[in-house]
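This report describes one protein model in plain terms.

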Amino acid sequence: MDLKSPEEGYIKFNCRWIRAGPVPEGQITWINEWRNKLFDLGLIGADSKGTGFGNVSKRFKKNTFIITGSATGRLKRLNKDHYAMVNDYDLSGNSLTCSGPLKASSESLTHAAIYECSSDINAVFHVHSRELWEKLKGEVPTTSDEALYGTPEMAMEIKRLFERKQAGDEKIMVMGGHRDGIVSFGKTPDEAGEVLLNRL
Ligand SMILES: [Zn+2]
């Protein structure tokens, strides 16, 4: 167990990255259209310090999935070179193995937790929006304020919310402990995207 600091006390995200070629272009076409649309809407982008936010993924096989690479949020347009495959992960250990031209997003385990909750979910989008976060917090399934971004606690919170039927029905969640953080999901990228757009 690798503790960040006694005060923070959470388990550090551990990413084992196998440098490899990109996933086949056809695998990312549909989610990449949505990713670019979300960028244009300002739901994916970069903050005033230039730190990127927002990521999209699609299920590949079973519990493996393709996700936007680390630090790609600030880029206006992405292509297959900006995506990584998450091959394996451990939610409680906060670790994963990924392959591709870039490392997988550091928020990959949030996506993994959602895919584990329902085999009907094939696409997960994570965006940032102050407006939506304030409007929907507590209105739609909301993770605890204590569960911070990129922690095993966040993954556990997502699973807890799925135990109530509402989470699977509404297909949108607010991340209470990750300011501005919203997650939507669906059977297809279109469903995950429209759930979000309908709330704007
Ligand atoms: Zn985020």
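Helices (H or I, at least four residues) and strands (E, at least two) are DSSP runs, numbered from the N terminus. Axes are lines fitted to C-alpha atoms, for helices over the stretch in contact, and angles run from 0 to 180 degrees between N-to-C directions. The model is predicted: local features need pLDDT of at least 70, side-chain atom pairs count only at pLDDT 80 or more, and totals for chains, interfaces and linings use all residues. Residues are numbered from 1 along each chain as its sequence is written, and side-chain values use heavy atoms, with hydrogens and water left out.

**Helix pairs**

| Pair | Residues | Angle | Axis distance |
|---|---|---|---|
| α1 and α6 | 25-40 and 189-197 | about 20° | 9 Å |
| α2 and α4 | 108-117 and 152-162 | roughly 25° | within 9 Å |

The angle makes α1 roughly parallel to α6, a word for angles under 35 degrees. Helices α2 and α4 are therefore also roughly parallel to each other.

**Sheet**

An open sheet of 9 strands runs in the order β1-β7-β6-β5-β4-β8-β11-β10-β9, with mixed pairing. Two strands pair if DSSP finds at least two bridges between them. At the edges lie β1 (14-19) and β9 (142-143), each pairing on one side only. Strand β1 pairs with β7 (residues 95-100) in the parallel sense over 6 bridges; Arg19 has Gly100 in β7 as its bridge partner.

Technical notes:
Angles under 35 degrees count as roughly parallel, over 145 as roughly antiparallel, 65 to 115 as roughly perpendicular and the rest as oblique.
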